[in-house]
Amino acid sequence: MEKIILQLPLILLALHIQSGAFSDSPVLEIIEAPKPEVVEFNNTIYGTCEVTPVTNLPPSQPEIVGQVLFKQIFPNGTLEVKINLRGLPADDQQARAIHIHQYGDLSQGCVTAGAHYNPQAVDHPGHPGDLGNFVSEQGVIRKFMRLPEAKLFGGHSVLGRAVVVYEKEDDLGMGSDEESKLSGNTGERIACCVIGITSPRLWQETEPFPGEEVEEGNE
Ligand SMILES: [Zn+2]
């Protein structure tokens, strides 16, 4: 009897291994390059998202349009983002949150885009597509930024997912309610789009943004 009791933890351990309980140890992820873009566009993947307002937009909210552009060098580049939105009032003081959401489903407007894209099951604002808050100047939101946790390829790619622009400011998880750690209490979704793969054209056509490193040309 004593022998069986001693062996029990070992038996349980063996069952554990067989059932795959230890399979979440780091697994080497081999990411295949998106083709043909990696060859055609100098090892770089580009994405675009054509922002449009929701159809049932409340009259108090601005009709925001424009693009959110993405660029990432395969396989080790940091994702770069250009936000270029217009349609806001010239004197607008409202900070508005922008986030990447899980689904590219806009069949019922921005609401069907699901929750914030959250592949690691962490609290907001730790999601890879939590872009933060933006205030317009002269009716325009124009920003260049880097998103180190988000990708345009591999298992955590944001391609095919949605960008959502919100009515209100993101509390960045500092609110006292549960919603703060899920979404940042940002109010209604007022504009959105689906991220799709594209050529370098839109990125290259956009004037260099403040903070953007301009590549040296061979003149
Ligand atoms: Zn979030």
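Is L172 buried, exposed or partly exposed, and why? L172 counts as partly exposed because 15 C-beta neighbours lie inside 10 Å. The cut-offs are 20 or more other C-beta atoms within 10 Å for buried, 12 or fewer for exposed, and partly exposed in between, with C-beta atoms placed from the backbone.

## Model and confidence

This is a predicted model, in which local features need pLDDT of at least 70 and side-chain atom pairs count only at pLDDT 80 or more, while totals for chains, interfaces and linings use all residues. Residues are numbered from 1 along each chain as its sequence is written.

The mean pLDDT (the predictor's confidence in each residue, from 0 to 100) is 88, and 84% of residues reach 70 or more. Residues 8-23 have pLDDT below 50, and beyond near neighbours in sequence this stretch has three contacts in the model (C-beta atoms, placed from the backbone, within 7 Å). Where pLDDT is low, the predicted coordinates should not be read in detail.

Helices (H or I, at least four residues) and strands (E, at least two) are DSSP runs, numbered from the N terminus. In β8, residues 189-194, five of the six residues are buried.

Strand β8 runs antiparallel to β7 (residues 162-166), with five bridges, and antiparallel to β1 (residues 44-53), with two bridges; pairing requires at least two DSSP bridges. A191 in β8 is the bridge partner of V165 and also stands opposite P53.

## Backbone in the loops

L172, in the loop between β7 and α3 (178-182), has a positive phi near 55°. N185, in the loop between α3 and β8, also has phi near 55°, but counts as buried because 21 C-beta neighbours lie inside 10 Å.

The K35 to P36 peptide bond is cis, with omega near 5°. The H124 to P125 bond is cis, with omega near 10°, and P125 is in the loop between β4 (96-101) and β5 (130-134).

How values were computed: Two residues are in contact if their C-beta atoms, placed from the backbone, lie within 7 Å.
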